[in-house]
Amino acid sequence: MKSKTLLCSMMVLLTVAGALTLASAADSFSPAKPKLATRDDEPMRRWRANRFGLFIHWGLYAVAGGEWKGKEIPSAAEWLQSSGKIPAAEYASLARQFNPTHYDPAAWARMAREMGVRYVTITTKHHEGFCLWDSEFTDFDIVATPYGRDLLGPLVKALTAEGVDVHFYYSILDWHHPDYRSAILTDDDRLAYDRYFEFMKNQLGELLTRYPQVRALWFDGQWDSSYCENPEYARRLEEFLREIKPGIIMNNRIGAGLIGNIDHDATGRPFGDYNAGFERLLPHAGSVPLYDWEAGMTLPENQWGYRKVWAGHVKTAPELARMLIQCASQGGNFMVNFGPKPDGTFRDEEQAVARGLGQWMKQNSEAICGTRGSTLGKPRWGFVTERVAKEGSRTLYLHVVSKPAGKEIKLPLTLAQVRNCRLLSAPNRPWPFRADGEQRVVIGLPDKLDPIATVIAVELNQ
Ligand code: FHN
């Protein structure tokens, strides 16, 4: 019997502050505004360089697949308990059916690497409160299922072996824990929430120490007034976690506050390290968000966890790849979300997306990972990313999504600035370029463009 240590903005969404709307005219570039750096140490630089991640939502809701007692419950599948108004104890009985016999962490990790992602963010505990690891602080976890053993550890190991970084999602909001309060209205509520807060700290401490490979924590469910109107909890939690694991990266949803901006405490210090507010949306093309940022995207409309029946438009690999490119061109990270089935496998649509993205990334990851947003703005024919080498030389990556009139790209550069050009699809031979007047370099395009984006690397002289 485990010791039950029951103690324990709408997101700090930032949106696009420094909107720098560029490029309404083809090939007219102007320099981007500098970014407000929150952190620039090695872990943060690694987080930034990764650029592309896979989000995984997995929990008891996968067993129900969006249905309860034979009826479809609308809204997001992982919100079933709340949308279906299911009492916590009844909902918890799903644990008795959770048995992912086909779960193969090595296969998941291989899929992630082949897809081209550099990190995986997995839900350790979503709003339902169920934990995918064997937690010392609750019985509502994987050990209470027929599967009966840790799911996280083997995945952490397999991802690490494949060279994919591990990030953990953790919901502050908890529909199962008896001490959780959505609002603190009485002294008893305060005492209960304090206990819940201790429980949460204990669990997060447990995750960081038991799985030392984890590099980032992705908080969510911070919008209830109990948490967001009492920002001292957020600051205490952040300090506690940074003490346990200096270098850990946290999204800004650990903060408690305003919707639509990264949140700061009374001294002006921001919460967390980056803005995770772009949920199923990207910043306006061409704008430059002020902080490091990350967008998360579902395949169907708003389903993060597994739902048996998907309705409406389902995004394809080319659509998602272009979103990834757009994010990279604006200096942000991009996560595609998968919701595994209760048996531990991925649905066909997700597998197809993994393959499609992987194919493009195999040839073009150089133009995404380790790059920064373009200082040249947003051209009409696509997007630009850039890489700055240690010695200071720069490479521009032109992601050509549609053929410009005249079938040529014109860059506001002099011939002397360009060292060479190459197509990433044929990297071993130089790609021609010429001058057109003093201030323009012209680059032709191959006859056939890649249906996602044809990438031309333009190496510049210092
Ligand atoms: O409510 C959740 C939702 O289920 C999902 O986890 C997403 C992922 O970004 N976050 C919340 C809503 O902001």
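Asp 292 sits in the loop that runs between strand S8 (275-279) and strand S9 (293-297). The model it belongs to is predicted. The protein chain has 462 residues, and buried residues make up 57% of them.

**The chain as a whole**

- The secondary structure of the protein chain consists of eleven helices and 19 strands.
- About 18,400 Å² of the protein chain is accessible surface, and carbon and sulfur atoms account for 53% of that area.

- Asp 292 has a relative accessibility of 1%. Buried means under 20% relative accessible area, so Asp 292 counts as buried.
- The side chain of Asp 292 is in polar contact with the side chain of Arg 48, at 2.8 Å.
- Asn 50 belongs to helix H1, which covers residues 42-50.
- The relative accessible area of Asn 50 is 8%, so Asn 50 is buried by the under 20% cut-off.
- The side chain of Asn 50 makes a polar contact of 3.0 Å with the side chain of Asp 165.

**The ligand and its surroundings**

- There are 15 residues around the ligand, and those that come nearest are His 57, Glu 78, His 127, Asp 220 and Glu 279.
- By type, the shell around the ligand holds eight nonpolar, three polar and four charged residues.
- His 57 has a polar side-chain atom 2.7 Å from an oxygen atom of the ligand.
- In the side chain of His 127, an N or O atom is 2.8 Å from an oxygen atom of the ligand.
- For Asp 220, the ligand atom concerned is a nitrogen, which lies 2.6 Å from a polar side-chain atom of this residue.
- The ligand taken alone exposes 330 Å², and the protein buries 95% of that area.

- Strands of a sheet pair through backbone hydrogen bonds, and the pairing can be parallel or antiparallel.
- Strand S14 and strand S18 (residues 441-444) run antiparallel and are joined by four bridges.
- Lys 410 has Val 442 as its bridge partner in S18.

**A sheet of six strands**

- Another open sheet has six strands, in the order S11-S12-S13-S19-S15-S16, and its pairing is antiparallel.
- At the edges of this sheet are strand S11 (372-373) and strand S16 (426-430), each of which pairs on one side only.
- Within the sheet, strand S13 (residues 394-400) and strand S19 (residues 454-460) run antiparallel, with six bridges joining them.
- The bridge partner of Leu 396 in S19 is Val 458.

Methods: Residues numbered from 1 in each chain as written. Predicted model: local features only at pLDDT ≥ 70, side-chain atom pairs only at ≥ 80, totals over all residues. Heavy atoms only, no water. Near = heavy atom within 4 Å. Polar contact = N/O pair within 3.5 Å; in protein donor to acceptor, adjacent residues only side chain to side chain. Areas by Shrake-Rupley, 256 points an atom, 1.4 Å probe, with all protein chains shown as cover. Nonpolar A, V, L, I, M, F, W, Y, C, P; charged D, E, K, R; others polar. Pairing = 2+ DSSP bridges. Helix = DSSP H or I, 4+ residues; strand = E, 2+ residues; numbered from the N terminus. Buried < 20%, exposed > 50% of the residue type's maximum accessible area, 1.4 Å probe, protein only.
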